[in-house]
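Here are my notes for your first look at this model. Keep the structure open and check each point as you read.

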Amino acid sequence: MESQGKTPKSELHRVGKRWLIITLAGVIWVGPVLGNGIPVVEKLSPSSTVHAAAASAKKLGEEIITSGAVLMKYQYTNDKGEKSLANVIRVDLNNKHVKLDVMAGQGNQFTTRQSTGGMAREHGAVAAINGDFFNTGREGAPMGAQVSNGLLMSTPSDLKGMYAFAVTSGGTPILDEFAFSGSIKAENGTTFPLAGMNKVAYTPESTSSNYSHVNAAYIYTSAWKALDRPLNSSTTPTEVMVTNGVITDISVMSGLPTSIPEGSYILRTHGAATEYVKNNLAVGQRLTADYALVSKKSGQKLDPTSLQMMIGGHTILVDNGKATAFSRNVNDLGGNRARTAVGYSKDGRYAYLIATESHNSSKGMTLQQLQDFMTKVGVWKGMNLDGGGSTTMVNRPLAEINTQLTFNTEYGTTQRSVVNALGVFSTAPVGSLKGLKVSGSNQLLIGQIGSYELKGYDTYYNPIEAGSIKPTWKTSNGNLAVNGQSIKGMKPGTTTLTAVSGSTQATMQVQVLGASDIAALTTGVSSAPLAAGTSVSVPITAVTNNGQSIEVPSSSLKWEFVGFKGNVKDGRLTVESVNSNAKVGYAIARYDGFSTVVILSAAGQSTWENFENVNYPINFTTNVPAVKGSARIVNGSGSRANSKVLNLTYDMNGGLGQKMYAYAEFNGTTGKTIPAQATSMTVDVEGDSSLNWLRAELRDNNGKTVYVDLAKAIDWTGWKTLNIDLSSYNIAFPALMKRLYVVNVEEGQDERALSGSVSFDDIRFTMPSAGNVGLPTGKAVMTIGQKSLTFNGSKVAIDSAPILKGGTTYVPIKHVLDAFGGQATWNQAAKRVGVLRGGMLMELTVDKKDYILNGKRHSAAVAPIVQGGRTLVPLRLVSEQLGLKVKWDKNTKTVTIES
């Protein structure tokens with residue numbers, strides 16, 4: 001048989017040397033343009049909105065990728081009014097300068113997972129989306145079929161309702177459910193059926209056997225890198241090496257201890273198939289293999305060599321331009337998630353590669369919403385690809401060399417390693433210079449200096465050398481400042497940056513981010529010792545409203561210090577001296593007024609539990625009886641080999657299809673006390689790369705159960721330190737640590753491991769409220785309309801009475817802080833109230849419902865107001881955020897505050 005190994009690297013590189021274009025902004029046109037300055041390339045439809053009765057898909061823009069491919073951005077609004085962002089790459093299958101192909105892991109091999117972006121870089125793709133489903137607990141090979149560059153690399157698994165998308169060598173798209181049919185033929189003329197090619201062990205669905213490799217013969221090619229073919233198959237193999245159609249080695253009842261060279265394959269057999277080998281095959285004899293893919297619908301055979309590419313998927317989503325019944329159970333794929341899909345148009349001309357987003361600014365889609373969206377953007381027939389945490393799209397900007405994420409994944413900028421990806425490749429020759437574009441970031445922070453230059457692209461919209469050009473830069477307003485080739489952000493807003501070179505010019509829209517564009521400012525450290533000479537690194541990261549994380553340069557920040565004198569230089573905070581009687585200090589960093597804080601206290605961070613001398617019970621519990629596991633103190637491993645750690649093991653295979661928890665329970669049902677107010681928690685965790693959710697359960701002093709996210713996904717192995725900000729959880733201390741636990745939710749369950757082991761060590765809490773020792777405690781009572789406050793039985797006069805407006809009590813917060821400790825600040829220019837108490841910095845702005853709490857933006861039902869020349873804040877909102885209890889008596893119109 002022909003070698004069915006990996007696609008030759010040279011072939012993939014040969015078709016992948018032309019580069020991705022994703023923007024029409026900022027270009028100098030060398031070729032002809034229309035009157036509005038848009039290039040004459042293809043007939044691109046204008047931005048439009050397609051409406052359904054309740055849901056809609058609004059096109060936000062479209063950008064040329066390369067000749068024959070366009071990237072389109074949509075906003076989908078579902079029938080509840082929730083909005084999601086979606087990205088569609090439309091590929092013209094009739095255009096000879098572009099093609100689709102499937103890429104596997106590192107070296108284009110299975111069992112070597114790689115990110116979608118990594119595959120695109122290795123193979124020279126100009127764009128790509130993640131591909132087929134795979135078992136995360138196995139070696140790493142697709143469940144479905146794969147044809148790359150005309151070579152069959154993987155066959156369909158014996159699973160029901162799993163579709164595949166293909167393009168023939170003539171450019172015709174196919175979407176169908178396929179089975180595999182094949183056999184080997186010995187030199188004596190006898191034959192034996194083949195079960196598949198390059199498959200992990202799995203449970204077949206059309207036979208009575210629970211084991212895919214029992215009594216079966218499989219082909220493994222050089223596309224399979226691992227020496228085990230496969231792992232954990234519950235069978236003992238007999239393997240036959242075949243090179244250029246001739247048997248060169250036979251290993252009976254054991255695997256061949258070698259990888260598979262190019263031009264060869266291994267016939268892997270068990271049971272009845274092994275008996276066939278013993279009775280019919282010998283070294284030196286010829287062995288031939290014949291196989292085809294068979295449509296489960298029509299029964300028609302499809303020769304893999306007639307295909308340009310094929311990629312497997314899951315359920316069909318769209319047929320005849322309409323949402324269709326799912327071909328497979330989708331309970332594990334429920335909820336609003338990031339999604340990946342592929343399909344084609346009614347006339348077969350266009351392929352659509354689709355990826356939807358799930359983050360703070362995009363709700364994500366259900367499968368039903370994805371179906372609706374696909375029909376709205378022109379998909380005639382389409383299927384689901386692996387989604388959720390796997391969903392990834394990469395592209396390469398116009399005139400650039402490297403690909404980049406089109407949008408953040410569910411893990412931010414981290415890309416999950418997957419088994420294959422569907423790539424877009426340019427096959428165009430080198431063209432002539434068509435235009436130049438401004439290259440650089442379209443976002444800057446205030447005070448940040450950006451690097452911009454001009455780059456060129458050719459007539460096929462692939463990058464081309466444009467020579468060394470140093471343009472003159474101009475800006476449309478004062479948001480940016482120009483100093484030679486240096487561009488600096490000055491104030492929030494959008495600016496048109498123009499590059500002028502001779503008689504030509506190019507423009508780019510650059511946004512300088514302001515406080516309103518920021519969702520959070522986070523510090524690399526949340527606490528430090530309050531002592532002269534303390535010096536700690538304080539890197540600041542801004543998280544934008546659309547979920548993007550940006551490191552904030554020191555030049556963009558303004559610092560102020562409360563309780564001590566200090567400075568920040570080159571991102572390092574130094575305490576010069578501590579104010580007399582100060583127990584808590586605050587280093588407040590502001591970006592355009594948006595604040596975050598580092599808490600300094602005499603106590604600093606203290607170890608709460610290191611598991612060296614545990615004198616209380618720790619038990620394993622679960623919500624599902626079929627889930628098994630253990631929670632015990634053991635000797636650590638790796639860097640913790642000389643320490644005792646808490647180890648939590650779990651096996652959730654018995655509870656598949658439902659939400660499952662594996663708990664390490666502290667001190668029975670009682671829990672262990674966290675004695676004082678904590679603003680952050682630090683814990684060292686040995687991960688298992690299971691992608692499961694890691695949480696802690698606390699019970700606060702008011703009896704409220706608080707669930708704290710330690711990690712949304714355990715995506716690491718070995719020891720890692722996790723830092724968790726507790727300030728937004730509104731925990732009333734002292735509190736109880738009830739349990740640490742692993743969660744495997746029902747939705748997206750196929751993406752996560754069902755068994756694993758994690759360990760915990762050195763749980764620390766930052767307790768600036770060790771400085772809270774000096775803060776008063778007691779009870780304060782105020783009455784609406786009265787200028788007095790009674791604290792612990794003593795009445796004191798206040799200069800402004802509490803008022804009741806719209807069902808909300810407003811007070812000057814100064815009087816509450818005078819009673820319970822803390823400080824209030826007022827910024828007249830910004831109309832901003834600042835509140836400092838214990839480990840909290842809270843800032844509110846008059847007439848704005850958003851407030852900032854320890855560096856994170858939150859939204860309240862009410863806002864501070866100005867009444868009689870005094871600024872009044874919502875009492876319950878502020879007090880409860882500061883850890884105080886508030887009670888309202890409507891009969892006496894009194895407010896009681898307790899600490």
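1. Start with two tyrosines. Tyr663 is buried, and Tyr741 is buried too. Bear in mind that this is a predicted model. The two ring centres are 4.9 Å apart. The planes meet at 50 degrees, so the pair counts as tilted. Tyr663 belongs to strand S55 and Tyr741 to strand S61, so the pair ties together parts that are 78 residues apart in sequence.

2. Look for other aromatic rings. The whole structure holds 15 aromatic pairs. One aromatic cluster is formed by Trp608, Tyr616, Phe666 and Phe765.

3. Next come charges over rings. Arg640 lies over the face of Trp719, 4.9 Å from the ring centre. Lys720 places its charged end over the ring of Trp716, at 4.6 Å from the centre.

4. Now the largest nonpolar core. It has 43 residues. Which of them touch the most other members? They are Met681, Met737, Leu740 and Phe760. Several strands each supply at least two residues of this core, among them S54 (644-651), S57 (680-688), S61 (735-744) and S62 (755-766). In soluble globular proteins, nonpolar side chains tend to be buried together.

5. Turn to helix H3, residues 272-280. Its buried residues are Ala273, Thr274, Tyr276, Val277 and Asn280. Why are they on the same side of H3? They cover an arc of only 155 degrees around the axis, which puts them there. What do they pack against? Their partners are strands S12 (173-186), S13 (191-193), S15 (217-221), S16 (238-243), S17 (246-251) and S18 (264-269).

6. Finish with strand S3, residues 56-66. Is it largely enclosed or largely open? Eight of its 11 residues are buried, so S3 is largely enclosed by the rest of the structure. S3 pairs with strand S4 (residues 69-77) in the antiparallel sense, over nine bridges. Within this pairing, Glu62 stands opposite Met72 in S4. The hairpin of S3 and S4 has two residues between the strands. There, Gly68 takes a positive phi near 95 degrees.

Methods
Residues numbered from 1 in each chain as written. Predicted model: local features only at pLDDT ≥ 70, side-chain atom pairs only at ≥ 80, totals over all residues. Heavy atoms only, no water. Core = buried A, V, L, I, M, F, W, Y, C linked by side-chain atoms within 4.5 Å. Buried < 20%, exposed > 50% of the residue type's maximum accessible area, 1.4 Å probe, protein only. Helix = DSSP H or I, 4+ residues; strand = E, 2+ residues; numbered from the N terminus. Arc of directions from axis to C-beta. Contact = heavy atoms within 4.5 Å. Phe/Tyr/Trp six-rings, centres within 6.5 Å; stacked < 30°, edge-to-face > 60°. Lys NZ or Arg CZ within 6 Å of the ring centre and 35° of its normal. Pairing = 2+ DSSP bridges.
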